[in-house]
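The exercises below are meant to be worked through with the sequence and the coordinates side by side. Try each task before reading its solution.

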Amino acid sequence: MKTILNVIWLILCGFWMFLGYLLAGLLLCVTIIGIPFGVAAFRIGLYALWPFGYTVVERPGAGAPSCVGNVLWLILAGWWLALGHIFTGIALCVTIIGIPLGIANFKLIPVSLLPLGKEIVPTDQPFAAR
């Protein structure tokens with residue numbers, strides 16, 4: 001079932017969201033200071049490309065640098081990426097078939113706003129990172 005949802009997701013919105021994260025990652029990697037943010041954007045972009053079957057968990061040991069980085073991320077890229085998820089989620093929820101995809105889009109909003117200090121793991125092992 002998750003493969004079918006992932007294929008429908010890829011066609012309807014996953015590819016476009018991936019391109020948004022790719023653009024954000026490339027822009028953030030222009031400077032040396034922005035490279036960790038760019039890596040986070042690429043990681044979330046792959047998650048946004050194929051989200052079903054994966055989940056986001058808190059990374060143990062992520063401390064104050066992640067908190068400061070998340071504030072910078074929120075200002076630089078997170079807000080715009082979250083708006084993309086909101087608009088795409090609303091558009092997908094218009095049809096009955098798109099409701100699960102819209103809900104998945106809404107689930108991506110927290111990680112698009114504050115990605116540092118989180119890991120993306122398969123859903124069958126959400127506590128493997130601990």
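In these exercises Ala, Val, Leu, Ile, Met, Phe, Trp, Tyr, Cys and Pro count as nonpolar, Asp, Glu, Lys and Arg as charged, and the others, Gly among them, as polar. The model is predicted, so local features need pLDDT of at least 70 and side-chain atom pairs count only at pLDDT 80 or more, while totals for chains, interfaces and linings use all residues. Residues are numbered from 1 along each chain as its sequence is written, and side-chain values use heavy atoms, with hydrogens and water left out.

**Exercise 1. Describe the order of the elements in the chain.**

Solution. Helices (H or I, at least four residues) and strands (E, at least two) are DSSP runs numbered from the N terminus, and the chain holds 5 helices and 2 strands. Read from the N terminus, the elements follow the order α-α-β-α-α-α-β. The C-alpha trace spans about 40 × 30 × 20 Å along its principal axes.

**Exercise 2. Determine how helix 1 is oriented against helix 2 and helix 3.**

Solution. Axes are lines fitted to C-alpha atoms, for helices over the stretch in contact, and angles run from 0 to 180 degrees between N-to-C directions; under 35 degrees counts as roughly parallel, over 145 as roughly antiparallel, 65 to 115 as roughly perpendicular and the rest as oblique. Begin with helix 2 (residues 35-49), which packs on helix 1 at about 175° with the axes 8 Å apart, so the two are roughly antiparallel. Where contact means heavy atoms within 4.5 Å, the residues that meet include Phe-15, Phe-18 and Leu-22 of helix 1 and Phe-37, Ala-41 and Phe-42 of helix 2. This contact divides into 18 nonpolar, 4 polar and no charged residues.

Next take helix 1 (residues 2-28) and helix 3 (residues 64-92), whose axes lie 11 Å apart at an angle of about 170°; this pair is therefore also roughly antiparallel. Among the residues making the contact are Met-17 and Tyr-21 of helix 1, and Trp-73 and His-85 of helix 3. By class, the contact has 11 nonpolar, 4 polar and no charged residues.

**Exercise 3. Determine how helix 1 is oriented against helix 4.**

Solution. The two axes come within 11 Å and cross at roughly 75°, which means that helix 1 is roughly perpendicular to helix 4. Leu-5, Ile-8, Trp-9, Leu-12 and Cys-13 in helix 1 meet Leu-101, Ala-104 and Asn-105 in helix 4, and these residues comprise 7 nonpolar, 1 polar and no charged.

**Exercise 4. Characterise the lining of the largest pocket.**

Solution. A pocket is an open set of points on a 1 Å grid over the protein atoms alone, where a 1.4 Å probe fits, with protein on both sides within 12 Å along at least five of seven lines, and lining residues have an atom within 4 Å of a point. Of the 16 lining residues, Tyr-47, Tyr-54, Thr-55, Ala-104 and Lys-107 lie nearest the centre. Helix 4 gives the most, with 4 residues. By class, the lining has 11 nonpolar, 3 polar and 2 charged residues.
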